[in-house]
Amino acid sequence: MLFSALKDYCPGAVPMHMPGHMRNREISGDLKALCAGIDITEIDGFDDLHHPSGILRRSMEMAEKLWKSDHTRYLVNGSTCGILSAVYALGAGGGRIVCARNAHKSFYHALEITDLEPVFVQPGFDVETGACLDVSVASIKQALDQTPDAKFVFLTSPTYEGVISDIKGICGLAHKRGIPVIVDEAHGAHLSLTRDFPCGAVEAGADIVIESVHKTLLSLTQTAVMHISGDLVSIKEIDHALDIFETSSPSYLLMASIDSCVEILTEKKEAIFSAWRENLEAFRSKAQRLKNIRIWTPHNAFCYDMSKIILMHPALTGNALMEILRNRFSIELEAAYPRYCVAMTGAGVKKEMLDALFSALEKIDSEDFSASDFKKPAAPARTERVYSIKTALQMPYECVKLKEAAGRIAAEYAWAYPPGIPVLAPGERITENMISVWNDMIAASSNTITTRSSEGLLAVVKE
């Protein structure tokens, strides 16, 4: 709808408005390749993302029908914008919240802005891989019993590895107390759209659900949607927060890609998803023939999304396996960790892509590698928060060696990216467990990032 309108309008119109390239594709071949010929700003007939009443409003209504939400908002700043906006809308002014510890860095940045006090819940832990499992209903109940004034519950489901929590059970528990639930479902925009994949958070009753339509669906990178349902959340407060965190100059190319994704799925989701699932099942069936490499399945989790392919080799770290696939077979995976690597698939995956991955894995599987003595993954321990994130970041700090950091208060974030889940966050007391997890990531050549210190050091609050 939006893409067609852009193609119809732009060729015959003389632009005397932004953007500065003025749709002059001849000035640069790159601009032509990047579709600058249909790149516009908010002009007559093309609506306003922040106050939609025309073509964008109709497009978002189509999205509401697709996902069965009460309200859907388009996000051109990614799920990060949605998470910041949701937390700000429900948590401005501070207070306490219940949240899972395995949240994305954008959630922690939202805590910085709002100065909310998190009451963390640890997800389950897989002793073989070190991956997080689901967040149990029982753990949320315990946290809410201890936090009756909680402003909301915040969860990530599915995880980067595809683990899904019992969102319906958690929502039922929270809603009885009048507490809304926000779900970061960035990796699960495809859930619930057909029965080829498990139930998603909108269907399960979550009040706010943020999804990256670029991660698993058919939209350009940086595009996302936010769904708002029920009567525990004010849509006006959400829209106000989006005014703050979402750009006031949204890209029509990005919005057109969301609109096209919604339209395609509205018309063809059954065929697209059925083919996607069939290709996945065929790949997983063939992979059972491999003798060394195997696909991890979290048997102890509440539910699992099979679109994520978690690969393990008994003699290779996840990073080593990822590098072999990259350097020898030109196959680039999503991420790697000490004991596994993540191959992501999406609605656009082709059978030939999965065939190429299997062929490469079959060759690697037949080769001999020196046996590795893998350490047992360190289970994350309950964190002790001494200062709020905002306070800790404003305090004087110093950088110390890792072995000297235990017992000190963190003055920075430390995470592996992707996916950007902090091993430690500002204001937390650093434990031997945290240092062990961090050292494991460094030893496995994970892409480790600290926000203030340099290699081999950690920033801590000055004593």
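Cys 35 sits in the loop between helix H2 (29-33) and helix H3 (55-67); helices here are DSSP runs of H or I with at least four residues, strands are runs of E with at least two, and both are numbered from the N terminus. At 40% relative accessibility, Cys 35 counts as partly exposed, where buried means under 20% relative accessible area, exposed over 50% and partly exposed in between, with a 1.4 Å probe and protein chains only. Cys 35 and Leu 253 are 218 residues apart in sequence, and their C-alpha atoms are 8.0 Å apart in space.

This is a predicted model, in which local features need pLDDT of at least 70 and side-chain atom pairs count only at pLDDT 80 or more, while totals for chains, interfaces and linings use all residues. Residues are numbered from 1 along each chain as its sequence is written, and side-chain values use heavy atoms, with hydrogens and water left out.

**The seven-stranded sheet**

- Seven strands make an open sheet with mixed pairing, in the order S1-S8-S7-S6-S4-S2-S3; two strands pair if DSSP finds at least two bridges between them.
- Strand S1 (71-75) and strand S3 (117-121) are the edge strands, each pairing on one side only.
- On average, neighbouring strands of this sheet are turned by 20° against each other, direction ignored.
- Five bridges link strand S2 (residues 96-100) and S3 in the parallel sense, and Ala 100 stands opposite Val 121 in S3.
- Helix H4 (residues 78-91) lies across S1, strand S4 (153-156), strand S6 (181-184), strand S7 (208-211) and strand S8 (224-228), and runs at about 160° to S7.
- For such angles, axes are lines fitted to C-alpha atoms, for helices over the stretch in contact, and values run from 0 to 180 degrees between N-to-C directions.

**Another strand pair**

- Strand S14 (residues 397-401) and S18 run antiparallel and are joined by five bridges, with Ala 459 in S18 as the bridge partner of Cys 399.
- Strand S18 (residues 457-461) is largely enclosed by the rest of the structure, because four of its five residues are buried.

**Helix H1 against helix H11**

- Helix H1 (residues 2-9) packs on helix H11 (residues 252-287) at an angle of about 135°, and their axes are 8 Å apart.
- That makes H1 oblique to H11; under 35 degrees counts as roughly parallel, over 145 as roughly antiparallel, 65 to 115 as roughly perpendicular and the rest as oblique.
- On the H1 side, Leu 2, Phe 3 and Leu 6 meet Tyr 252, Met 255, Ala 256, Asp 259 and Ser 260 in H11, where contact means heavy atoms within 4.5 Å.
- The residues of this contact divide into six nonpolar, one polar and one charged (Ala, Val, Leu, Ile, Met, Phe, Trp, Tyr, Cys and Pro count as nonpolar, Asp, Glu, Lys and Arg as charged, and the others, Gly among them, as polar).

**Aromatic pairs**

- A search of the whole structure finds twelve aromatic pairs; rings of Phe, Tyr and Trp (its six-membered ring) pair if their centres lie within 6.5 Å, and planes under 30 degrees apart count as stacked, over 60 as edge-to-face and the rest as tilted.
- One of them is the edge-to-face pair of Tyr 88 and Phe 245, with 5.5 Å centre to centre and 70° between the planes.
- Tyr 88 lies in helix H4 and Phe 245 in helix H10 (residues 235-245), so this pair ties together parts that are 157 residues apart in sequence.
- Tyr 88 is partly exposed at 25% relative accessibility, whereas Phe 245 is buried at 17%.
- Phe 107 and Tyr 108 also form an edge-to-face pair, at 5.7 Å centre to centre and 80° between the planes.
- Phe 107 counts as buried at 0% relative accessibility, and Tyr 108 is buried with a relative accessible area of 0%.
- Ring pairs link Phe 107, Tyr 108, Phe 120, Phe 154, Tyr 413 and Trp 415 into a cluster.
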